[in-house]
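Thanks for coming, everyone. I'll keep this short. Please look at the screen, and then we'll walk through a few spots one by one.

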Amino acid sequence: MIQEAYEKAAGSPFWIQAPENRYLVVSSWDHIKEIDAASEDVLSLQAAAKEILQPRYTMQNFNWFDKKGADGMPLIRTLRTLLTNHLPDILPDIRRSMSVLLDRAQDSQPIVNGSYTSPVFPIIIEAISLTNAAAFFGSEISHDKKFMAAAIGFIEQTLLAAEAIRVLPKAIAPLIGNMIAKNLGSGKAIYDALIPIAEERLEERAQKKLGHGVPEHHDCIQWVMECSPRSSPWSAERIVHELMALWFGSVHITSTTACIALHHLCLHSEYIEPLRNEIESTGWAQFEQSGGKAFPLLDSFMKESARINPVESVSSRRMALKPFELSDGTRVEAGEWICAAARGMMLDARYYTAPHEFQGFRFVDPSILKTQLADDIVSQVQGTPSNFTDIGDWQLWGTGRSACPGRFYATAVMKTLLALFITKYDMQLEEKAAGRYFAWRTFIYPYASTKVLLRPRAAL
Ligand code: HEM
């Protein structure tokens, strides 16, 4: 529906009616820059996120501000700077625990003629969840099976509950919302498990100030606490609420993006050999020291995968807190939404040559390609080289000052997982022609049942 409207609009903004509201969708970089330039008082990402998440009901009565930064921005600094800078330290552990998880999944399956068949999306969700739990909440709790089951369940429960509450008439939303909230067991379980950890960290900080020795922690709970404003330090509740929202917002989108890329690796197996050569000749140590920046061929392959099948068809969502007017005179009123047509732009011949063709090395610097690859693949390259984490040429990560601060972490983690699959297995989709995902609102979700035939390379 959005794609059709995008094509008709031919670069102009257009309206989309959703069940609870209407959205103005822009499809030019000039208009996207105007969205970014608007102040948080006028166009708010946080107010849009609050509407999607309904945190008051889904997150133990979390009263999020409409406006970002009202009580500091410790989370953004934590992700964009501290988590990103720590990637060289944490990537080796991430790789080891993902490798163990893949080996365990393999050991639980019968091998027939050197291969086994397995749904991969649940494995990817487990790998990303484990990784994010260790990075956000600390490695100890990421090994707690009960906690992890609740944390994974929380995402689905929150999605369903928030969807239901969003479409309710405003007058009855609090009543029904509170009834739903009482039954959201997994949210309560993870809140109850995280609060004592956050309280202990606050106590340790107080002890340290008095000169006592305290343990060191390298995780987001610790960094958010340390970055919270001195004038109004965040409480344990505030830290946990923010991290629960982060957990909800980051696990599913990262798992889906990685799963779609894995499907593309199966569908375009001609890329496997050059990718394997790149990973094996570069080596894990160099990749990890680079903080996940190395492996340029894999980086481009992932970018082409997310360009052809982006997890969200719109990006840079903002709710208007005050009326806002674009330079062409199109207006959104307070309470209405504005966003960018991410998918439409990614499949538009104005921005990409042969936009519907999968060209896995489209974004690689030609000098790297020439030294590594055969001529037929080199001839695919067009345009200016770019990276998966770039924000100036596509809308996967949103816009300008609000662009995803977790993108360096997310990219490094997805690369690690995909590189493990590439080096451990030959892969094939069990049913190439079957649907691999479905769309709900503006998102796509991979089918959990899609199976991949995995042939461990050691068994060849
Ligand atoms: C493939 C995975 C991911 C994708 C595609 C993605 C995409 C996005 C997008 C489109 C936005 C909105 C930006 C805007 O509206 O301008 C966003 C915001 C955000 N993302 Fe991500 N994200 C991913 C993974 C992650 C991860 C793993 C983390 C945490 C480590 C994270 C943390 C955040 C936060 C905190 C924001 C809000 C930023 C703000 O309020 O300024 N994301 N992300």
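Let's start with a pair of side chains. Ser44 and Glu40 are joined by a polar contact of 3.2 Å between their side chains. Keep in mind that this is a predicted model. Where does Ser44 lie? Ser44 belongs to strand 3, which covers residues 43-44. Is Ser44 buried or exposed? The relative accessible area of Ser44 is 0%. Buried means under 20%, so Ser44 counts as buried.

Now to a sheet. Strands of a sheet pair through backbone hydrogen bonds, and they do so either parallel or antiparallel. Which kind do we have here?

Let's zoom in on one pairing. How many bridges join strand 4 to strand 12? Four bridges do, and the two strands run antiparallel. Strand 12 spans residues 451-456. Find Thr117, and you'll see that Leu453 in strand 12 stands opposite.

On to the loops. Phe358 sits in the loop between helix 17 (342-346) and helix 18 (366-372). Is Phe358 buried or exposed? Its relative accessible area is 14%. That is under the 20% cut-off, so Phe358 is buried. Which residues does Phe358 touch? Leaving out residues up to four places away in sequence, Phe358 touches His264, His268, Tyr271, Phe301, Glu304, Ser305 and Ile308. Take His268 from that list. Phe358 and His268 are 90 residues apart along the chain, yet their C-alpha atoms are separated by 8.5 Å.

One more loop, and then we're done. Cys404 is found between helix 19 (375-378) and helix 20 (407-424). Cys404 has a relative accessible area of 27%, so this residue is partly exposed. What does the record say about Cys404? In UniProt, an unreviewed entry carries the annotation "binding site", and that annotation covers Cys404.

That's the tour. Questions are welcome.

Terms used. Residues are numbered from 1 along each chain as its sequence is written. This is a predicted model: local features need pLDDT of at least 70, side-chain atom pairs count only at pLDDT 80 or more; totals for chains, interfaces and linings use all residues. Side-chain values use heavy atoms; hydrogens and water are left out. Buried means under 20% relative accessible area, exposed over 50%, partly exposed in between (1.4 Å probe, protein chains only). Contact means heavy atoms within 4.5 Å. A polar contact is a pair of N or O atoms within 3.5 Å; within protein, one must be able to donate a hydrogen and the other to accept it, and residues adjacent in sequence count only if both atoms are side-chain atoms. Two strands pair if DSSP finds at least two bridges between them. UniProt positions are given in the numbering used here, feature names are shortened, and annotations may be inferred rather than shown by experiment.
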